[in-house]
Amino acid sequence: MSALARYRQEWFGNITRDTLAGMVGTFALIPEVIAFSFVAGVDPAVGLYASFVISVVIAFTGGRPGMISGAAGSVALVAAALVRGHGVQYLLAATLLCGLLQVVFGVLRLHVLMRYVSRPVRTGFVNALAILIFSAQVPHMLHVTWHTYAMIALGLVIIYTLPRLFSAIPSPLICILVLTVVSVLCPMPLHTVADLGRLPDSLPHLVWPDVPFSLDTLNIIAPYALAMASVGMLESMMTARVVDDLTETHSSKRQECMGLGVANIAVGLFGGIAGCGMIGQTVGNLRYGGRGRLSTFVAGAFLLLLMVVLRPWVAQVPVAALVAIMIMVSASTFSWSSLRDLVHHPRTTSVIMLATVAVVVGTHDLAAGVAVGVLLNGLFFAFQVSSMLSVSSTLSDDGTRRTYIVNGQVFFASSDGFADAFDLHDTARHITIDLTHAHIWDMTAAGMLEELIGKMEAQGMDVQLIGLNGASTKLLARHTRLQPAD
């Protein structure tokens, strides 16, 4: 399929389901975007406008069809400190720089760093996000009357049972309509969308950050912009990977990174806060049948329509309907099979997954959890590989020649064990180190080998290296004085 034909298929290959799924995704966006706007310390209108701009722009520029992006996630946590310290105008400037950095990240192909995020880390990321999505609904269920619980229960019944009878329209959309009609016809003490914050009442317009154009301004916004760009890219790449797994398809992570950068530049110019991929809303979009770019576009365009044109009606939507939807999204996002896998998978794999969950839930920072998971994964991997190194030796009949046979990988984590396997006070005067079944990986291992041989030669031993592969030979020749034998 040509690039043009594929792009057309991504837009118009699933029009009905993409449109309906995007509309449901819009309602799923509203409570989370408003909540994270408060976290960031900005007016809800700033987050809602930003989500509209991001969704519309990235529908054209992104690399992962069917993915919902908006102004939420850990980016809001990073932005909060900047807003508290310097105000919203500096946030807009940081958003512009954030988008520019993400474009640069894409040009430099830094998205390849996602290769180092293992499956246990991704599972922990998804599970932690499901927990955060559910926990975000808890405040809406506290200090309320029984009417709220009854409406949530009714919403869940509609969401889970209606698809068995009727699937042309996504059940969450019907849930919103039914619960809104019930609350209007039968007035009861319920919180509505209007209670979440002031909704926009006009179209967004182009603005330019009202900050001094100076190095001092750059010094203020640069650290925050870099953190926002890094966190946003990480969350978007993780979300794109989850969509790849769920849909069994591939996507361009580089294009997604650059597309997110373009979207955030546009957000900064329209007075919004930077955003990223939203895995909860994305998984919901997939569950409702959204697969193409149209669903992403509709999620943003319908959001603006709801906020500006249909604002009086949207304000009457009961929060209970949104809570029911997000509970369903949370349940469908969580990897329930991972609980069973805790028993069957290797202990280190389970520790990595649980540590990722614990850090994310404890800090509400998805990037921190992924960083801890990747670090643990690297440490466990290094330990496992280093423990596979073995060194054996044979002594000639006359006791004058000893041959050491090395098997495994010699690198920073195994170099100490490698050195300890050699006897520096051996009575044999001729030492052969056979590295046919070994590989020297880094400077730590090369330096350790050079130091070991130097100590042996200082004891009067004649040391010969044999069996080195090409890469190991080049490493030793370039960075040590060793001369391996042919």
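This is a predicted model: local features need pLDDT of at least 70, side-chain atom pairs count only at pLDDT 80 or more; totals for chains, interfaces and linings use all residues.
1. Strand 5 (residues 430-440) and strand 6 run parallel and are joined by five bridges. Two strands count as paired if DSSP finds at least two bridges between them. Helices (H or I, at least four residues) and strands (E, at least two) are DSSP runs, numbered from the N terminus.

2. Residues are numbered from 1 along each chain as its sequence is written, and side-chain values use heavy atoms, with hydrogens and water left out.

3. The open sheet has four strands in the order 3-4-5-6, with mixed pairing. Strand 3 (390-395) and strand 6 (462-466) are at the edges and have a single partner strand each, so one side of each lacks a neighbour in the sheet. From one strand to the next, the twist averages 20°. Helix 19 (residues 443-458) packs on the sheet and touches strand 4 (401-410), strand 5 and strand 6. Contact means heavy atoms within 4.5 Å. The direction of helix 19 makes about 175° with that of strand 5. Axes are lines fitted to C-alpha atoms, for helices over the stretch in contact, and angles run from 0 to 180 degrees between N-to-C directions.

4. In a regular strand the side chains alternate between the two faces of the sheet. Buried means under 20% relative accessible area, exposed over 50%, and partly exposed in between (1.4 Å probe, protein chains only).

5. Two packed helices are described by the angle between their axes and the distance between the axes. For helix 8 (residues 171-185) and helix 14 (residues 319-333), the axes come within 9 Å and cross at roughly 160°. The two helices are therefore roughly antiparallel to each other; angles over 145 degrees count as such, under 35 as roughly parallel, 65 to 115 as roughly perpendicular and the rest as oblique. Helix 8 contributes Pro172, Cys175, Ile176 and Leu179 to the contact, and helix 14 contributes Ala320, Ala321, Ala324, Ile325 and Met328. By class, these are nine nonpolar, no polar and no charged residues. Ala, Val, Leu, Ile, Met, Phe, Trp, Tyr, Cys and Pro count as nonpolar, Asp, Glu, Lys and Arg as charged, and the others, Gly among them, as polar.

6. Helix 7 and helix 8 pack at about 145°, with axes 9 Å apart. Among the contact residues are Leu154, Gly155 and Ile158 of helix 7 and Cys175, Val178 and Ser183 of helix 8. This contact has twelve nonpolar, three polar and no charged residues.

7. Most residues other than glycine have a negative phi. His143 is not a glycine, yet has a positive phi of about 55°. The residue sits in the loop between helix 6 (119-137) and helix 7 (146-165) and counts as exposed, at 83% relative accessibility. Glu248 also has a positive phi of about 55°, lies in the loop between helix 9 (215-247) and helix 10 (253-269), and is exposed at 74%.
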